[in-house]
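Biologist: I have a structure to go through before class. Can you take a look with me?
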Amino acid sequence: MDSSETKTYYQNVVVMRHGDRIDHFDLTWVKTAETPWDPPLINEGLARAFHTGRTFRNLLPFPIHRVFVSPFLRCVQTASEVVTALCAVDYDPDSDSQSSIAVGSIDPSKVKVSIEYGLCETLRREAISPDVVPKDGIFRFDVPQLEAMLPSGTLDRTFEPVYKELPQWEETVMGGRSRYKQIIKALADQYPSENLLSLTHAEGVATSVSEFLEDTAVAEVDYCAYSELRRPISWKNESFTAGNFEVLTKSGQNGIVFIP
C-alpha cells in the first residue's frame with residue numbers, strides 16, 4: 001500500500017484481573033509468608049487463568065499479540081497460564097484440560113510478554129493491609145525471577161517500560177485510577193498495530209470500564225474478569241491517529257458488573 005493512502009482498522013485491548021489469591025482463602029498464610037503483601041495464586045486460580053486463556057483463544061474475534069503484566073506474583077502467575085494457553089501447539093478447542101501442565105509445547109512467536117510497573121496494585125491501605133506493607137514502604141520485586149516464570153521464549157527483552165518504578169505508598173484513589181487510564185492508553189499508543197492484553201488488578205479492570213464509559217460505576221470484578229476495549233486507528237504517511245476507546249463489555253459479562 002502506498003504510504004500516502006490511509007489504512008483504517010480497530011485496535012483491541014483486553015484488561016484482565018489476576019486469578020484467585022491464596023490470602024483470601026487461607027487466612028493463616030500471611031503469618032509465615034516472606035512477602036505477605038505479594039500472595040501467589042491457589043491451584044484454582046491457576047486453573048481459572050488457564051481456562052480464561054483458552055476462552056480468549058476460542059472466543060475472541062481477534063488475536064492477542066502482546067501481554068503486559070503487573071509485577072505482583074499473582075499477576076505473573078496468571079500471565080504464565082494465559083500465555084501458555086494462547087501459544088499452545090496442536091491446540092484442541094474441545095479439550096477439557098484445566099492446566100498448562102498438560103500443554104506439550106508452545107509457539108513463543110505468537111505472543112510477547114513484558115512486565116510493566118504501571119499496571120501494579122493501587123498502593124493504598126484499602127488494597128493492601130498496612131499490617132503487611134514493608135516497614136520502609138518500598139515494595140521490592142525480583143524482576144529477573146518473575147520473568148523466568150513466563151513461558152520460554154515469550155519475554156520481550158526490547159520492551160521499554162512506561163513506568164520505571166512503582167508509585168509511592170499511600171497512592172490516592174484518583175491517583176491510582178489516573179495511572180491505570182494513562183497506562184492503558186500509553187501501551188496502546190506504543191503498539192498501535194497490535195492487539196493487547198493488560199494483566200492487572202481489580203481496580204485496573206474497573207477503571208478500564210468507568211474511565212472509558214461515561215456515568216458508570218463498577219460494582220464487581222471477579223477473579224480473571226476482563227473488559228474488552230477497542231479504538232479506531234488510521235495510518236497515513238507512516239504516522240497514526242487514534243480515536244477514543246469504546247467499551248464493548250456489557251454489565252454481567254466476563255465477570256464484571258457495573259451500573260447504570
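**Cysteines, core and a helix**

Modeller: Cysteine 87 is buried, and its relative accessible area is 0%. Keep in mind that this is a predicted model.

Biologist: How many disulfides does the count come to?

Modeller: The count is zero disulfides.

Biologist: New topic. Which residues touch the most other members in the largest nonpolar core?

Modeller: That core has 38 residues, and those touching the most other members are Met16, Phe56, Ile64, Val69, Ile128, Phe139 and Leu197. Elements giving two or more residues to this core include β1, α2 and α3. The most comes from α3, with eight residues.

Biologist: What does phenylalanine 56 touch?

Modeller: Leaving out residues up to four places away in sequence, phenylalanine 56 touches Val14, Met16, Ile64, Val82, Leu86, Leu197 and Tyr226.

Biologist: Which residues are buried in α2?

Modeller: Gly45, Ala49, Phe50, Thr52, Gly53, Arg54, Thr55 and Phe56 are buried there. The cover over the buried residues of α2 includes β1, α3, β4 and β6.

Biologist: How many residues does α2 have, and what is its reach?

Modeller: α2 has 17 residues and reaches 24 Å from its first C-alpha to its last, close to the 24 Å expected.

Conventions:
Residues numbered from 1 in each chain as written. Predicted model: local features only at pLDDT ≥ 70, side-chain atom pairs only at ≥ 80, totals over all residues. Heavy atoms only, no water. Core = buried A, V, L, I, M, F, W, Y, C linked by side-chain atoms within 4.5 Å. Buried < 20%, exposed > 50% of the residue type's maximum accessible area, 1.4 Å probe, protein only. Helix = DSSP H or I, 4+ residues; strand = E, 2+ residues; numbered from the N terminus. Contact = heavy atoms within 4.5 Å. Expected span 1.5 Å × (residues − 1). Disulfide = S-S within 2.5 Å.
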